[in-house]
Amino acid sequence: KRLGIDFWPAQILMNGGKILCNHIGEGGYKKLEDSIIKFLKLRTKSIFSEEPKYSRFPSIYCGRGKNGKV
């Protein structure tokens, strides 16, 4: 809520309270990975050569909905 994000999924890469990269919704995996590699100054090959067409790992939500029901 403090970041003003009311959407899920949300990917946010932060350092010291500063947002380095953010993406709302599905996808954005390559952008996030590239940002992590750049920030950590890693010399590694990317996992994603291009943005995946679908997620290999389906999202699961466990928690209370807006109506308070599980």
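Strands β1 and β2 form a hairpin with two residues between them. In the turn, Gly16 has a positive phi of about 60°. Helices (H or I, at least four residues) and strands (E, at least two) are DSSP runs, numbered from the N terminus. The model is a predicted one: local features need pLDDT of at least 70, side-chain atom pairs count only at pLDDT 80 or more, and totals for chains, interfaces and linings use all residues. Residues are numbered from 1 along each chain as its sequence is written, and side-chain values use heavy atoms, with hydrogens and water left out.

Strand β1 covers residues 10-15 and strand β2 covers residues 18-24. Six bridges join the pair; two strands count as paired if DSSP finds at least two bridges between them. Leu13 stands opposite Cys21 in β2. Asn15 has Lys18, also in β2, as its bridge partner. In a regular strand, side chains alternate between the two faces of the sheet.

The secondary structure comes to one helix and two strands. Along the sequence the pattern reads β-β-α. Of the 70 residues in the protein, 14% are buried. Buried means under 20% relative accessible area, exposed means over 50%, and partly exposed lies in between (1.4 Å probe, protein chains only). Among contacts with a separation of 6 or more, 13% link residues 24 or more positions apart. A contact requires heavy atoms within 4.5 Å.

Helix α1 spans residues 29-40. Lys30 and Asp34 both lie in this helix, four residues apart, about one turn. Their side chains meet in a salt bridge, at 3.2 Å from N to O. The term requires a side-chain nitrogen of Lys or Arg within 4 Å of a carboxyl oxygen of Asp or Glu. The structure holds one salt bridge. Lys30 has a relative accessible area of 22%, so it counts as partly exposed. Asp34 is also partly exposed, because its relative accessibility is 33%.

Glu33 lies in helix α1 as well. Its relative accessibility is 11%, so Glu33 counts as buried. Leaving aside neighbours within four places in sequence, Glu33 is in contact with Ser46, Ile47 and Phe48. Glu33 and Ser46 are 13 residues apart in sequence. Their C-alpha atoms are 7.3 Å apart in space.

The accessible surface of the protein comes to about 6,500 Å². Carbon and sulfur atoms account for 56% of that surface. Accessible areas come from the Shrake-Rupley method with a 1.4 Å probe; for residues, only the protein chains shown count as cover. Leu20, Ile36, Phe39, Leu40 and Leu42 make a nonpolar surface patch of about 400 Å². Patches are made of residues with over 30% relative accessible area and no salt bridge; like charges are joined within 9 Å, and nonpolar side chains (Val, Leu, Ile, Met, Phe, Trp, Tyr) within 5 Å. The largest share of the nonpolar patch, three residues, comes from α1. Leu20 lies in strand β2. At 33% relative accessibility, Leu20 is partly exposed.
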